[in-house]
Every structure is written in structure tokens, then in C-alpha cells.
Amino acid sequence: MGEGGMRASLTATAMILTTFTSSWAQAPAPTSLEERVRSVLMTPGYENASWGILVVDSETGETIYERRADELFRPASVTKLYSCAMGLVELGADHRFRTPVVRRGEVRDGVLRGDLILIARGDPSMGGRTGPEGTLLFEDNDHTYAGSSGSSNAVLVASNPLAGLDHLARAVHDEGIRSIEGEVIIDDRLFDAAPSSGSGPRRVSPIVINDNVIDVVIAPGAKVGDRGVVTMVPATAFARMDALVETVEEGSRPELTVTVVGPRAFRVRGTIPVGHKPFVRIFEIEEPASFARALFIERLRERGVEVDATPLGSNPEDSLPPRDDVAGLPRVAEYVSPPFSESLRVILKVSHNLHASMLPLLVAAKHGERSLSDGLKREAAVLESLGVAAASISFGGGAGGSVSDLTTPRATVALLRGLAKRPDYPVFEAALPVLGRDGTLARAVSPESPARGHVRAKTGTYWVDNPLTGRSVITSKALAGTIDTAAGRKLTFAFFLNGVPIPARYQRVSDATLDAGRVLGRLAEVFYEWPSTAAASAPK
């Protein structure tokens, strides 16, 4: 949707909110906690939704408010609280992914007469998000959500997406290898391939370079009628791009599409207004190992290592010996990631579906297992150890997009309170989005909100198309975390909102889900501001 449509939608939303605010101002102000919560739950458009709420005192466990706290709700990306808890317990905050490169063959006079093998160890970033201080960078609107017609707000992080491969290529050169007569191979047999359970890249694999996408950055030309400037990040011969974008008058509505025309080919078409900021779209890679291989070959050549193998080919994994044999080959390079605490922060701050979907498989691999079901069984055991009754909930993946994902407010609060007893809990809490400040909570309240900066919580959003009406339905909008109240109490909470048909006034689903997020933000404000220590219970 272009700027003109966005303005129309925001204007309509502003009129609705103004009308609602005016009617609120004329009505008697709600006085009790129950009344204040109910005023939020009865927001026009949400009064017939399914609500599940539990708020407790973080220290004592005293119930401050509950509503249908033991019923199952769709959590959407609040699921990531569970998978990240498992990752923290099983891998540890200080865990570092180590990606080695080994050789099969001898090096004579700088020539490797054999193969160079990169052993994928499940590093979700491979240096591609690493900033100058060694932390992993993120933007509130992550590039993985910029599909072929995705968010116009997607932003690339200011780092080299090939930093890990570049480090390895430099190390290979420093090892004295100047030419490779054999193959370059990616050993990606750490775990079985699986689907991502969320939007964004759909394939979970042990090798991840630039989230297994090519970013398509589209900028206008200098004047109306000029060709738009379209670039691939990273630039590579692995994929072919056919771009034809026209620069149109300032203020016009952008129209941009990226269409897949083959396994490694896509076209870019449309218009972009003169003077407009660049747009980001993505082209998802269907062959992550072959993509990584091509990029590694290109980085090796860039670093002065001649490679006879072509980056245009497929990854010849079938020629590899058993994994244990590969691991025993002479090591020539290794890339070591920042600590897992940094990956945790990226997953939770931007709700990174691909990285979250990897977690059950990484835990399975740690125990010598390979499948998603193996990892989910490990997750159940971890949840039980944290005080969560795993038999009362259901998960089918790590990100929140599985039809099997169902949980309760009580289980979610139990998870957070169980984590709070661990010495590494500050790492987990610091990774959560902060209300009104960053990540997926950046726009959930106004800049003037008294609760801004006092709530740390994971968001969840999921919707489905309704062919019957042509409109969409928000199947889940959720929020769970902690509140440092104005009265000095710390609360642990879980809010689940399910089943909200999107009214026709919304031109974009994203506008409707943003408003739903603001409703949950108002609910968080209620508990932040409420000074009473008395418990209140809503109808269950």
C-alpha cells in the first residue's frame, strides 16, 4: 500500500479514535480495576472477541486479575517465549555457535588438491547482523517481513550480511591456501530440514546466510521517467534478477512487486515516486546450502583464493563421507558467533520467525537427535522443569504459526515466573521488547504514555483471510511479560485476544493489527497505573 492509501487509513483510524475518546470523556471515569479493564475489553470492535487474561504479583504470586485464565488460546508469536526459554535453558546464554571449515585433501605449494568443506552448525546469523561492538543488530521492522509486496517500513541492519563467510574466506587464505582444485561443499546435515512456523523465510536449515533471502533494495531515479535503481543484497551470481522500475511523480502511490520466475530467478516491476526512501523486498532462497556455497566461493575468490568450482552449481553434499569422518578432517578456519544471548535478543525484539523455528532443532541436535518432534519433546521437559504443566498446552513449532499452537494465560505466567527464578533471567528479560520504545512494541502506545518504558513483553499477531467476505480475521493478538507499576510493584501478565473480524474501514491488515496491539497497550497501561494492592477477579 502506498502513502496515499496509508494516509486515508490513518485518517479514518484517527476519526474513530477521536470519537471513542470523546465518548469516553463524556462518560463517568471507571473507578475500580474491574471497570477499567472492562472499558478496554469493550472497545468497539473487540467486545465480542475471546479474551484470556492473568495478572499476578511477580514476587508473591497473588492474583491481581484473571479472566478465563485456564482456557486455551492461540498465542501467535508469544510462542517464542516458550521456545526461547528452552533455548536459554538447553544452550545457555553464553553458548557460541562455532562454524568450522575443514579440508579433504593435501595442500602443496598453496594448492588444495581436494575439497573445502564448511560444516554448518546452526548459527542463525553467521555474522550477518554483527555490529562494531560484537552485538547483533536489529531494526524494529525486520527485513524478513518484507515479502514480495511486504511492509514498506522494512529496514536493513547496518552490517555486512556476509561477514561470517568473509571471515572464513580470509582465514582460509591466511592458512596458505591460494587455489582449490576440488569442490567447495556445505555440510548441512546437523538436523533434518523443517518448515518455519511463521511468516518470512519458510525453510529451516542448519546453514543460514542473510536469513536465506536476497534483499531487493529499490530506490527512485533522479527525476521522473528515470529507471529506478534496483540492487541485490548480497550481490551474487547465484540468482538472476530482471528489474524494470519507473520513477514517477512525487507523492504518487508506489506500486512494486517481486515475482519468482524460477528457482533462482525473479523479476522486479512497478513504480516508485521521485525522492522516496528506498523500499526493501525479499527473494527467498529455495536451496540454502547451494546459496551459501555460491556466496562462499565468491568470498574466497574475493580474498585471493582461486576456486575451480562454479558458484552456479548445486551443493554436492552427496559426495560427503559420514558426518563423524568430516568432523575429523583437518581444520583450516572457524567462525565463532556472539553469545546466544544476542540471538535471543534478535528473536524476541523483532519476533524473528526463522530463528525461533530453529530452536527446537538446535536443541534436538545438541542431544544427537535430528527432527522437530525430537526438539519439541525436549521442550516439554524443559517447560515442566520451569513449573509449566506441558500436558495442558500444545505447540507445533518454535515461532507461533503452527495450527497446533495453543496455550493458556496461566501456563504463560507460570513460564515467566519459573524463568524469573533462574540466575540467567535478566538476560531473558532484557531481550524482550520494551513498550513504546523498541521492537514489536515500539508503536503499541503513544510517546506520552505513562507506561512507556515500564513494560517488557513479547507480542503475538496472527490473522487469516476470510474468503466468505473478502476480509481478514485476527485469530490472535497477544502480549505477555512483566510490568513495573507506578506504585512500585512488579507484575507478571499474559493477555490473549482471539477472534476479531477486521472491519471494512481498514485498507490494510497491518493497520488493523496495529490498532489491536494498541488495545493491548491500553490494557497494560491500566495495570501500570492501578495503585490498589487488592485482588480483583473477573468472570471466568
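1. The model is a predicted one. In the hairpin of strand 17 and strand 18, four residues lie between the strands, and Gly470 takes a positive phi near 80 degrees. The two strands, strand 17 (residues 455–466) and strand 18, run antiparallel and are joined by 12 bridges, and the bridge partner of Val464 in strand 18 is Val473.

2. With strand 19 (residues 490–498) strand 18 runs antiparallel, joined by eight bridges, and here Thr482 stands opposite Thr492 in strand 19. These two strands also form a hairpin, with five residues between them, and Gly488 in the turn has a positive phi of about 90 degrees. Strand 20 (residues 500–501) pairs with strand 18 in the antiparallel sense over two bridges, where Pro501 is the bridge partner of Val473.

3. How much of strand 18 is buried? Strand 18 (residues 471–484) is mostly covered, with 11 of its 14 residues buried.

4. Glu429 has its place in helix 11 (residues 425–431). Because its relative accessible area is 14%, which lies under the 20% limit, Glu429 counts as buried. Leaving aside neighbours within four places in sequence, Glu429 is in contact with Arg456, Thr482 and Lys490; of these, Thr482 is the residue that stands opposite Thr492 in strand 19.

5. An open sheet of three strands has the order 11-13-12, with mixed pairing. Strand 11 (240–248) and strand 12 (255–262) stand at the edges with a single partner strand each, so one side of each is left without a neighbour in the sheet. From one strand to the next the twist averages 10 degrees. Strand 12 pairs with strand 13 (residues 265–273) in the antiparallel sense over seven bridges, and Glu255 stands opposite Thr271 in strand 13.

6. Another open sheet of three strands has the order 10-9-14, and its pairing is antiparallel. Its edge strands are strand 10 (229–233) and strand 14 (279–284), each of which pairs on one side only. Neighbouring strands of this sheet are turned by 25 degrees against each other on average, direction ignored. Strand 9 (residues 213–219) and strand 10 run antiparallel and are joined by five bridges, with Asp215 standing opposite Val233 in strand 10.

7. Helix 2 (residues 33–41) and helix 12 (residues 509–529) pack at an angle of about 170 degrees, with their axes 9 Å apart. An angle over 145 degrees counts as roughly antiparallel, and therefore helix 2 is described as roughly antiparallel to helix 12. In this contact Leu33, Arg36, Val37, Ser39, Val40 and Leu41 of helix 2 meet Val519, Arg522, Leu523, Val526, Phe527 and Glu529 of helix 12. By class, the contact has eight nonpolar, one polar and three charged residues.

8. Helix 7 (residues 340–350) and helix 8 (residues 353–366) pack at an angle of about 130 degrees, with their axes 8 Å apart, which makes helix 7 oblique to helix 8. The crossing of helix 7 past helix 8 is left-handed. Phe340, Val346 and Ile347 of helix 7 make the contact with His355, Ala356 and Leu359 of helix 8. The residues of this contact divide into five nonpolar, one polar and no charged.

Notes: Residues are numbered from 1 along each chain as its sequence is written. This is a predicted model: local features need pLDDT of at least 70, side-chain atom pairs count only at pLDDT 80 or more; totals for chains, interfaces and linings use all residues. Side-chain values use heavy atoms; hydrogens and water are left out. Two strands pair if DSSP finds at least two bridges between them. Axes are lines fitted to C-alpha atoms, for helices over the stretch in contact, and angles run from 0 to 180 degrees between N-to-C directions. Angles under 35 degrees count as roughly parallel, over 145 as roughly antiparallel, 65 to 115 as roughly perpendicular and the rest as oblique. A crossing is left-handed if the near helix is turned anticlockwise from the far one by less than a right angle, and right-handed if clockwise. Contact means heavy atoms within 4.5 Å. Ala, Val, Leu, Ile, Met, Phe, Trp, Tyr, Cys and Pro count as nonpolar, Asp, Glu, Lys and Arg as charged, and the others, Gly among them, as polar. Buried means under 20% relative accessible area, exposed over 50%, partly exposed in between (1.4 Å probe, protein chains only).
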